[in-house]
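Here is a short briefing on one chain. Start with the sequence and the coordinates.

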Amino acid sequence: MLRWIGEAEVPPKTVFCTPAMMTETWVLCALYPEVAAGIPGNIECYANPHNLLQAQPKAGRLVRRGKKIPSAYQGRSVEITNAWHRARADCSEAERFSSALQAFV
């Protein structure tokens, strides 16, 4: 990863974030834990979390026609932040990222 960003070593105060598939999985686990719980196996390896986000009620939808709606994410940022503990509980990479970030803060 360092080679990709043109660095020889990890720059100070840098935390790598490497979701197994997509960050939508983290949002799905945070906002819709009941939906995420219905996915067999490792939720972080589920290939289409955006489809599950798109299937949620229109008022809270974050994805439309397979594309993220940035304003919807921004509008629900406080809700996502407050539910981050659920993403950390279900997603090992979210937990790793969060722990590494807290170490710097």
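Predicted model: local features only at pLDDT ≥ 70, side-chain atom pairs only at ≥ 80, totals over all residues.

The chain has 7 helices and 2 strands. Read from the N terminus, the order of elements is α-α-α-β-β-α-α-α-α.

**Overall make-up**
- The C-alpha atoms fill a box of roughly 45 × 30 × 25 Å along the principal axes.
- Of the 105 residues in the chain, 32% are buried.
- Take the contacts between residues at least 6 apart in sequence: 52% of them join residues at least 24 apart.

**Surface and charge**
- The chain exposes about 6,800 Å², and carbon and sulfur atoms supply 56% of that area.
- There are 12 positive and 9 negative side chains.
- The centres of these two charge sets lie 11 Å apart.

**Nonpolar core**
- The largest nonpolar core holds 24 residues.
- Val27, Leu28, Ile43, Leu53, Leu62 and Tyr73 touch the most other members.
- Helices α1 (23-31), α3 (49-54), α4 (70-75) and α7 (92-104) each supply at least two residues of this core.
- α1 gives the most, with 6 residues.
- Beyond its neighbours within four places in sequence, Val27 is in contact with Tyr32, Leu53, Leu62, Tyr73 and Ile80.

**Ser92**
- Ser92 sits in helix α7.
- Its relative accessible area is 54%, over the 50% cut-off, so Ser92 counts as exposed.
- Ser92 and Ile43 are 49 residues apart in sequence, yet their C-alpha atoms are 9.7 Å apart in space.
- Ile43 is also among the core residues that touch the most other members.

Notes: Residues numbered from 1 in each chain as written. Heavy atoms only, no water. Core = buried A, V, L, I, M, F, W, Y, C linked by side-chain atoms within 4.5 Å. Buried < 20%, exposed > 50% of the residue type's maximum accessible area, 1.4 Å probe, protein only. Helix = DSSP H or I, 4+ residues; strand = E, 2+ residues; numbered from the N terminus. Contact = heavy atoms within 4.5 Å. Areas by Shrake-Rupley, 256 points an atom, 1.4 Å probe, with all protein chains shown as cover. Lys, Arg positive; Asp, Glu negative; His and termini not counted. Charge placed at Lys NZ, Arg CZ, Asp CG, Glu CD.
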